[in-house]
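My notes follow in the order in which I looked things up.

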Amino acid sequence: MRKRNIIITITFCLYILIFSFGVFLKKDRKFSDLENRNLTQKPSLSLKKVKSGEYTKEVEDYLSDQIIFKDSLVKLSTSVKYSLGYRLINGVYFENGGRYITDFRYDEAKLSKNVGYINDFVKKNMDKSFYFLMIPNASFYYQMDVDKLPSDPESLAIDYIKDNLNKNVKLIDMSVTLGEHKDEYIFNKTDHHWTQDGAYLGYEELVKALGEEPVSRESYEKTEMKDSFLGSSYSKAPIYTAPKDDFILYDNKENTYDVDITEEGISFSDVYNYKNLYKKDMYSTYLDGNHSMEHITSHALNDEKILIVKDSYAHALVPFLADNYSDIYMADLRYFHTESLSTFMEKNDITKVIFIYNIDFIDTDDNFVWLY
């Protein structure tokens, strides 16, 4: 017994030594592919930061981010929890078929504030035409396949938007159309976004509301990369048995495109940045992911200038829209803080504004105040 206790004690001490000091023996990582984020780097030491307690907090974050074997430990931990029957881990649920589903929590106060910002913005710019593409998330369709229906129903937020959005905004509600196709591959299983097949359904409904004719799906060359994609939901709760998603791209060989992200000095001649196919975040292949402002030009016949105010669901849809409109600006309020959108619209002769948001985003985001 005494020998056994000694072995346990030695093993525990080695464990502490490896994970406490291992961080100082390896090169710091700058980015985590698993978490899709920049990692905390070694903090600078100053007397002021020590006195305020800031240095201690920075060291804690640094050690947490740079712990040796962190990605493997996270994956092991969540896999063990899953095998023990846990179905809510780090804000995502596991549907009985293996799909990841975001834990939606209805926040009427936040939603009311955000819809209010949109309404005030519309009132301020009544010379423009406004549209709102409202997109339910996977939880709206698939949470019935999770035991005990854990999340709040997204229908609460959908009904609130229908009842309270400014009537001068043309609302395109995707809840019925996507529901008719819910047995198809319209949402990723490991990522919170829709697939590009789902986005095409949104494109069709939006273009019809705009009075345009959608380009038929058959006009595109479809590429499917089978079992190639583990998305953002997986990153929150990675497990060994997670099913990989197929990644889909629709390419129109009859049109040409240019994307300009001026503030960051990025430009490319396509609606897809193919370099990102080799990154963990493959979804950023669509229009290179999140940026404050992007300008997409093409050889579409309609040269009317439109502004899209959006979350990342728009990225898989706008490549289709660029076949109807040759001059599209796309703003992300999480990053576009250089001037008011009203000012930007006047400078660039914008005539139409399209909001493209998924329900979970508009229910939780704090950046709609940047409309002004």
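How many nonpolar, polar and charged residues does the lining of the largest cavity have, by class? I counted six nonpolar, three polar and one charged. The model I worked from is a predicted one.

Entry on the cavity. I found one cavity of 30 Å³ or more. The largest cavity holds about 40 Å³ of space. I listed its lining as Asn188, Trp194, Thr195, Gln196, Phe229, Asp246, Phe247, Ile248, Tyr283 and Tyr286. Strand E9 (residues 245-251) gives the largest share of that lining, with three residues.

Entry on the pocket. I then turned to the second largest pocket, which has about 160 Å³ of space. Its lining consists of Glu212, Val215, Asn252, Glu254, Asn255, His299, Ala300, Leu301, Asn302, Asp323 and Asn324. By class I noted three nonpolar, five polar and three charged residues in this lining.

Entry on Leu371. I looked up where Leu371 sits, and it is in the segment after helix H13 (359-364). Is Leu371 buried or exposed? I put Leu371 down as buried, because its relative accessibility is 0% and the cut-off for buried is under 20%. Leaving out residues up to four places away in sequence, I found that Leu371 touches Tyr117, Ile118, Phe121, Val309, Leu333, Ser340, Leu341, Ser342 and Phe355. I also checked Leu371 against Glu339: the two are 32 residues apart in sequence, and their C-alpha atoms are 9.1 Å apart in space.

Definitions and conventions:
Residues numbered from 1 in each chain as written. Predicted model: local features only at pLDDT ≥ 70, side-chain atom pairs only at ≥ 80, totals over all residues. Heavy atoms only, no water. Helix = DSSP H or I, 4+ residues; strand = E, 2+ residues; numbered from the N terminus. Buried < 20%, exposed > 50% of the residue type's maximum accessible area, 1.4 Å probe, protein only. Contact = heavy atoms within 4.5 Å. 1 Å grid on protein atoms, 1.4 Å probe; cavity = no way out; pocket = protein on both sides within 12 Å on 5 of 7 lines; lining within 4 Å. Points joined across faces, edges and corners; volume = space filled by probe spheres on them. Nonpolar A, V, L, I, M, F, W, Y, C, P; charged D, E, K, R; others polar.
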